[in-house]
Amino acid sequence: FSSSSGLTHESHRKDVEQVYLRCSEGSIEWMYPTGALIVNLRPNISPASYKHLTVCIKPFKDSAGANIYLEKTGELKLLVRDGDRSPSRVYCFGYDQGGLFVEATPQQDISRKITGFQYELMSKGIAADLHTASAPCRPCSDTEVLLAVCTSDFVIRGSIQNVTNEAEEQESIIHVGVNKLYRQKSKVFQLTGESGNWRGQIKTLLECGVKPGDGDFLFTGRMHFGEARLGCAPRFKDFQRMYKEAKDKGLNPCEIGPD
């Protein structure tokens, strides 16, 4: 987390401040923005790996007071316009496409403005999975399911308890009852209530039309800005079949107890 305040630069409204961030994910909060910030993402990995990285930013819901640009060799490309209220909008670009230049817009009263956003660095392959524009709701192939079991941030066996649709954000929230937790990167799925049942929420696109239904599924997916995003989710009986077939042939990419 990085925080800055424009009040310290009140007498120099055209000041440009450099910010260096070493973490692969975090957030920037710029209170009372004046002048500009150059945000340098310098993760603790080999520079040779930079070309394989994608940067994604998600502005805070009430972010205001500055435009956010992609900057490379002095050229600016507008990413987020001040006042853009697109809910849950995520902006992604290749690490080698440039850095972030955050420029304050003229304000009568800067004390009422705070510009902020979350950021994440990830491999280009993972970013493509999360933000694919082609057939985002198509079922996964057997091979994709088996690979997802090995590489996803969370893998659970569970049932759909309820689905909440958020029309404004064009997303659906799947309320999941967990029968078996194979893996989770973050504590999205937790024990709740005196009954000791595991519960959690997974988000997906509204257009996928997810509805409550009977039976168990194998839910896999990625964590993205602190939220679980749905990846492959076959019916559990179908996963058992494909896992057994792959195991019998010695082709399963990793071991996981299917029962």
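Modeller: Let's start with burial: buried means under 20% relative accessible area, exposed over 50%, and partly exposed in between, with a 1.4 Å probe and protein chains only. This is a predicted model, where local features need pLDDT of at least 70, side-chain atom pairs count only at pLDDT 80 or more, and totals for chains, interfaces and linings use all residues. Residues are numbered from 1 along each chain as its sequence is written, and side-chain values use heavy atoms, leaving out hydrogens and water.

Colleague: Which parts does the pair of arginine 157 and aspartate 216 tie together?

Modeller: Their side chains meet at 2.9 Å, N to O. Arginine 157 sits in strand 11 (residues 154–166) and aspartate 216 in the loop between strand 14 (197–205) and strand 15 (217–224), so the bridge ties parts 59 residues apart in sequence. Strands are DSSP runs of E, at least two residues; helices are H or I, at least four; both are numbered from the N terminus.

Colleague: And lysine 203, buried or exposed?

Modeller: Lysine 203 is buried, at 12% relative accessible area. Its salt bridge partner is glutamate 227, with the closest N and O atoms 3.2 Å apart. Glutamate 227 is partly exposed at 23%. Both residues belong to a salt-bridge network that also links Glu169, Glu171 and Arg229.

Definitions and conventions. Salt bridge = Lys/Arg side-chain N within 4 Å of Asp/Glu carboxyl O.
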